[in-house]
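The following note collects points on the model shown below.

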Amino acid sequence: MNKDVASGNGTSTLGNLALGLTLLAFGLGGTGVIDNVAAADAAGLATWVGGVALFLVGLLALRAGSTGDGTAFTALGAFWFTWGTGVGGGASADAVGLFLLLWALLALTLTLAASGGGLFGQGVYGLLFLALLLSGIAALAGNEGLGKAGGWVAALAGLAAWYGATAAVAGWPALGRANSGSTAAAA
């Protein structure tokens, strides 16, 4: 396959598609750009697509020997499932902020681990890290503007992950080094 065309295995493509759609829904809800739609409205999608489906894709990737994709997708599946089932559960703003900051550490780990996949691969996880960091600080500080900024960054990360997955399926040019088995949209 041409090195300028996206390539990837089925689990990385499916995982990035699930991650992208979930991040888009979460992010757009967090921006407040659509009337009467909040990040919490993405809970069902986050639970089933971002949580269960992503976790299962991660297990399949681990079984296939892809440690990077397997680790990323199972961990992110656990995050989205926990967030989706817990949103609106009456947790304090401080607890929500701490939750998001702790998961931001996972996104930072994934960003650093994806260094071999090129800048585009690192970009999705880097943007996810920034989105969770901004959203966590916003929850702790009660800052709505910072929360909206986190939503926009999450939506951008979702678009990047979606593009990476779609490029792999459609044979579109990749925006970074194509590397089968690499994590986060480089595939």
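1. Contact here means heavy atoms within 4.5 Å. On that basis, residues 24 or more positions apart account for 71% of the contacts in the chain with a separation of 6 or more. The model is predicted, and local features need pLDDT of at least 70, side-chain atom pairs count only at pLDDT 80 or more, while totals for chains, interfaces and linings use all residues. Residues are numbered from 1 along each chain as its sequence is written, and side-chain values use heavy atoms, with hydrogens and water left out.

2. Secondary structure is taken from DSSP runs, numbered from the N terminus: helices are H or I with at least four residues, strands are E with at least two. The chain has 6 helices and 0 strands, and its elements accordingly read α-α-α-α-α-α from the N terminus on.

3. Of the 187 residues in the chain, 47% are buried (under 20% relative accessible area, with exposed meaning over 50% and partly exposed in between; 1.4 Å probe, protein chains only).

4. Aromatic pairs are rings of Phe, Tyr and Trp (its six-membered ring) with centres within 6.5 Å; planes under 30 degrees apart count as stacked, over 60 as edge-to-face and the rest as tilted. The count by this rule is 9 aromatic pairs. One of them joins Phe 26 and Trp 83, whose ring centres are 5.1 Å apart with planes at 90 degrees, so the pair is edge-to-face. This pair links distant parts of the chain, since Phe 26 lies in helix α1 (residues 10-31) and Trp 83 in helix α3 (residues 67-86), 57 residues apart. Both Phe 26 and Trp 83 are buried.

5. Trp 83 also forms an edge-to-face pair with Trp 80, at 5.9 Å centre to centre and 85 degrees between the planes. These two residues both lie in helix α3, 3 residues apart, about one turn of the helix, and Trp 80 is buried, as is Trp 83. Ring pairs link Phe 26, Phe 79, Trp 80, Trp 83, Phe 99 and Trp 103 into a cluster.

6. How many salt bridges are there by the rule of a side-chain nitrogen of Lys or Arg within 4 Å of a carboxyl oxygen of Asp or Glu? The count is 1 salt bridge, formed by the side chains of Glu 144 and Lys 148 (3.6 Å, N to O). Both residues lie in helix α6 (residues 144-170), 4 residues apart, about one turn of the helix. Glu 144 counts as exposed because its relative accessibility is 60%, whereas Lys 148, at a relative accessible area of 34%, is partly exposed.

7. Helix α6 has 27 residues and reaches 38 Å from its first C-alpha to its last, close to the 39 Å expected (1.5 Å times one less than its number of residues). Asn 143 caps its N-terminal end, with a side-chain oxygen 3.1 Å from the backbone nitrogen of Gly 145. Just after α6, Gly 171 takes a positive phi of about 75 degrees.

8. Most residues other than glycine have a negative phi. Asn 36 is not a glycine, yet has a positive phi of about 60 degrees. Asn 36 lies in the loop between α1 and α2 (43-63) and, at 80% relative accessibility, counts as exposed.

Terms used: Polar contact = N/O pair within 3.5 Å; in protein donor to acceptor, adjacent residues only side chain to side chain.
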